[in-house]
Amino acid sequence: MLLERHLSIHSLFRAALVSGCAALAIWGSLATPASAAKIEVINVPGSPLSLVMLSGDIVKGDSDRFYEVTKDLDRASIALSSPGGSVSEALSIGAQLRDKNFATMVLPDEECASACALIWISSYRRYMSASSRIGFHAAYTTVDGEPRETGMGNAEIGSYLTHLGLRVEAIRFITHAPPDQIALLTLNRARALGIEVYEQDGFSVTPPSAKPTLDAYVKKATSYLSLARDCSDLFGLDGQMLRRRGEDTIKQGHAEFGGDAFGRLLVMEVDVVKEDMRQSGFVGFCLNALKRVQTVDGQLVSSPSFDCGRAGTPTEQAICENPDLIARDRAMGILYRVILSDRKGTALSQFRSAQIQWSKVRNSCGSDQRCLISAYDLRLSQLGR
């Protein structure tokens, strides 16, 4: 519901901008030098989301102006239309909007190039249409009136993009075109490079989950196969079903992006999976894999270790309302029974007592889901060892 509301607001903004709707009121803007970017806030009556228009060349001081205009905004989308400008100012603006979780958008037939494109890609939620012109090239300085590529500038951009979580192929694409050329980012190219985009087409928006990136396919496939190999018993799931889903995902990824590209990324992801197992431990690793597939394919673990129809306490009701807690409680119940069957005598009594004490701690959380997740994670870590 929240995503649908967010997408409908973006459609409203687009309709108002295209039609020049008089109901839009500019309620915050900052006077700037003629050569600086124009930054203004547009308010849609009745909407909790503000629209910030940033257009024109990006020059020194624009980052400070952006801060002054947006500092009191809680939710905003940044509509970009600019040929570029100062890289350092753009990266500073990008860091600000990412910190505040603002969305970025390039409307149909609008251009956002060079430094502007770095602002656009900084967001967690990036919107574009098939006719949006988003272009990148290498950083440069001007020497004797001629653009000269700068290694230091590209290194700064590369470091920034790595921090955003982009992989090396995406960073190469963003920085490889010479200063006098532009590498345009298409919707299909973005998906192949692992850049998630919300695709705007008229008044409809297609989220990344409906058109997954290559990276998303690889993560989904490895998560299913990891669950099948290591975790099916922990959650009481059908291992064969999980393996089939993993193999089907690989086939889909191959068909869309080609076997070579998929295979290279799959090999890299195996190392990521091994590191996750090392850092998170067995139970944490399985919970992470389960969460990844449930995020895109819906709930696999549908019930905890007890009957939710008979949930009689605030704690039990809170567990039944949260898929993460349902998975943790199911894993807890299965682990407890396995370990219990392996204990005898004093060790058995001590184990039962420890579980009873933990149950009291858990129940003291009431319906606080964060508290419950912390309690489960602590105990599951102990049992997993």
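Tutor: Start with helix axes. Axes are lines fitted to C-alpha atoms, for helices over the stretch in contact, and angles run from 0 to 180 degrees between N-to-C directions. Helices are DSSP runs of H or I with at least four residues, strands are runs of E with at least two, and both are numbered from the N terminus. This is a predicted model: local features need pLDDT of at least 70, side-chain atom pairs count only at pLDDT 80 or more, and totals for chains, interfaces and linings use all residues. Residues are numbered from 1 along each chain as its sequence is written, and side-chain values use heavy atoms, with hydrogens and water left out.

Student: At what angle do the axes of α12 and α13 cross?

Tutor: Helix α12 (residues 323-340) and helix α13 (residues 345-363) cross at roughly 165 degrees, and their axes come within 11 Å. That makes α12 roughly antiparallel to α13. The classes are these: under 35 degrees is roughly parallel, over 145 roughly antiparallel, 65 to 115 roughly perpendicular, and the rest oblique.

Student: Is the crossing of α12 and α13 left-handed or right-handed?

Tutor: A crossing is left-handed if the near helix is turned anticlockwise from the far one by less than a right angle, and right-handed if clockwise. The α12 and α13 crossing is left-handed.

Student: Which residues in α12 and α13 meet?

Tutor: Contact means heavy atoms within 4.5 Å. From α12 come Asp-329, Met-332, Tyr-336, Ile-339 and Leu-340; from α13 come Leu-348, Phe-351, Arg-352, Gln-355, Trp-358 and Arg-362. By class, this contact has seven nonpolar, one polar and three charged residues. Here Ala, Val, Leu, Ile, Met, Phe, Trp, Tyr, Cys and Pro count as nonpolar, Asp, Glu, Lys and Arg as charged, and the others, Gly among them, as polar.

Student: How do the axes of α9 and α10 cross?

Tutor: Helix α9 (residues 239-257) and helix α10 (residues 259-297) cross at roughly 130 degrees, with axes that come within 7 Å. That makes α9 oblique to α10. Thr-249, Ile-250, Gly-253, His-254 and Phe-257 in α9 meet Gly-259, Ala-261 and Phe-262 in α10. The residues of this contact divide into four nonpolar, four polar and no charged.

Student: Now the strands. In what sense do β2 and β3 pair?

Tutor: Two strands pair if DSSP finds at least two bridges between them. Strand β2 (residues 38-43) and strand β3 (residues 50-55) pair in the antiparallel sense over five bridges. Val-41 has Val-52 in β3 as its bridge partner. The two strands form a hairpin with six residues between them, and Gly-46 in the turn has a positive phi of about 85 degrees. Strand β4 (residues 76-81) runs parallel to β3, joined by six bridges.

Student: How many aromatic pairs does the structure hold?

Tutor: A pair of aromatic rings is described by the distance of the centres and the angle of the planes. Rings of Phe, Tyr and Trp (its six-membered ring) pair if their centres lie within 6.5 Å; planes under 30 degrees apart count as stacked, over 60 as edge-to-face and the rest as tilted. The structure holds five such pairs. One of them, Tyr-127 with Tyr-198, is stacked: 4.8 Å centre to centre, 20 degrees between the planes. Tyr-127 lies in strand β7 (residues 126-128) and Tyr-198 in strand β12 (residues 198-201), so the pair ties together parts that are 71 residues apart in sequence.
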